[in-house]
Amino acid sequence: MSVDERTGDAQRDYPRFPQPTVHDHHGSTWTHDWHEVAGRLLTHLDDDTTDSLPDMLTVPVADYLDPVRWEREVDVLFRNTPIVAALSAHVPDPGSYRSIEIAGIPVLTVRQADGGVKAFINACRHRGALVVENGCGQARRFTCPYHAWSYNNEGALVGISGRHKVGDVDTSTHGLTELPCEERSGLVFAVLRPDAPLDLDSWLGGYDAALDALGLANMELLDERELIGPNWKIAFDGYVDGYHLDILHKDTLGTDTMGNVMTWDAWGPHQRVAFARHITHELRDIPESEWKPAKHVGFVHTVFPHVSVAGNGGRGAMVSQLMPGPTSDRSRTMQTHVIAKDATDEEREATIKRADFLEWVVNEEDYKTGLGIQSALASGANTEFTFGRNEPGNQTFHRWVDDLLANTAVAPPRTSHNESGEH
Ligand code: FES
Ligand SMILES: [Fe+2]
């Protein structure tokens, strides 16, 4: 920015980037637009505005509280639409695996010898024990701890202990139950129902190109923590909320990130929000050709319904994977930190410190607040919550939850097992 010598008024040496009229890019071909995002944030700073929607939205408190609705959310959004079972970084080499419970289904993701990836229900085909404990590791075979039936990386049943006393088990029909699964952009997507279709192209609608910009596919696992939070939607609300950043997080994230100044773009239910940082002001004094959005913008990419990636396409990222808890009033979050494969020891140490910091922030600020909201939900203080025009990410999230609940036909629970996937 320069100053007009005659009038003393500030003059802009950079163009204005108005809020676009179209925010949903589902199905369109994405071209890298981080420069434009930086410009939109700068224009908002100049104008004291933020990306916003024409109207406010109210959401009934019952939508957070009703256990019957919660069951349906878990069924429709977590068990019948694609979820993220693992990061590619969890399963780098043939035989490496990640085991985690998502929405009541134990999922085992395994890297194959050919470089592909498969996902299975982590339940033994003898009498259902968890074959692999939750966590990550490397194995040539998975041997059930109960009676030592064993499975290879492809899920085939390859060993039955004391077999001559057991009887005639058809190993060809007793492999681990496979789930539809596909890897994109450093994430392994799966559907938690064996016979469900998985059409990632239409589910992501080109969002994978935006996710690619984060570079997750080329990072490795550094650290992981599990946090307990409130109802999954209360927790999710925090990840797309730019309004609270300099208030709830005044002394932590707010020292770097500004509140109530954000951009918002969507690919169907998936959203990329970007927050202005104090350093964003510097863009005025840098030639536009030298803007570095990765430094001047704080990006959060969410993958509906349960993943949020905090990262700017640099040397690392924090991937938060949100899972419904055993009951409607709780959720679990895996905070996974990935880092460039050639990161130095110093970079790794700094990232672990950052991981400690972010775990504290989410536990003591976001989820503490969320658990407070949870504790008063049934009090009658509110019959509905209000989302402002300045909370477009939250509005979009709740609209999509409602939409998918209304429009997704859910198959009845499976009553029998059939390897062909037919009932
Ligand atoms: S339940 Fe796995 S071997 Fe028996
Ligand atoms: Fe927060």
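1. Two strands are taken to pair if DSSP finds at least two bridges between them. Helices (H or I, at least four residues) and strands (E, at least two) are DSSP runs, numbered from the N terminus. By these criteria, S9 and strand S10 (residues 150-152) run antiparallel and are joined by three bridges. Within this pairing, Arg-141 has Asn-152 of S10 as its bridge partner.

2. The structure is a predicted model, in which local features need pLDDT of at least 70 and side-chain atom pairs count only at pLDDT 80 or more, while totals for chains, interfaces and linings use all residues. Residues are numbered from 1 along each chain as its sequence is written, and chains are lettered from A and ligands numbered from 1 in the order in which they are written.

3. S9 and S10 belong to an open sheet of three strands, ordered S9-S10-S11 and paired antiparallel. Strand S9 (141-143) and strand S11 (157-159) form the edges, each pairing on one side only. On average, neighbouring strands of this sheet are turned by 40° against each other, direction ignored; axes are lines fitted to C-alpha atoms, and angles run from 0 to 180 degrees between N-to-C directions.

4. The domain assignment, whose bounds come from an automatic or database source, gives domain 1 (15-75 + 206-407) and domain 2 (86-197). Their C-alpha centres lie 32 Å apart. Domain 1 supplies 15 residues to the contact and domain 2 supplies 12 residues, where contact requires C-beta atoms, placed from the backbone, within 7 Å.

5. On the side of domain 1 that touches domain 2, the elements giving two or more residues are helix H6 (207-212), strand S15 (219-229), strand S20 (316-324) and strand S21 (331-340). The residues on this side comprise 11 nonpolar, one polar and three charged. Here Ala, Val, Leu, Ile, Met, Phe, Trp, Tyr, Cys and Pro count as nonpolar, Asp, Glu, Lys and Arg as charged, and the others, Gly among them, as polar.

6. Of the nine residues of S20, nine are buried (20 or more other C-beta atoms within 10 Å of the residue's own, with C-beta atoms placed from the backbone). Both faces of S20 are covered, with Met-318 and Leu-322 among the buried residues on one side and Val-319 and Met-323 among those on the other.

7. Strand S19 (residues 307-310) runs antiparallel to S20 and is joined to it by four bridges, with Val-309 opposite Val-319. Five residues lie between the strands of this hairpin, where Gly-313 takes a positive phi near 70°. S20 also pairs with S21 in the antiparallel sense over nine bridges. In that pairing Ser-320 stands opposite Gln-335, and a hairpin of six residues joins S20 to S21.

How values were computed: Contact = placed C-beta atoms within 7 Å. Buried ≥ 20, exposed ≤ 12 C-beta atoms within 10 Å, placed from the backbone.
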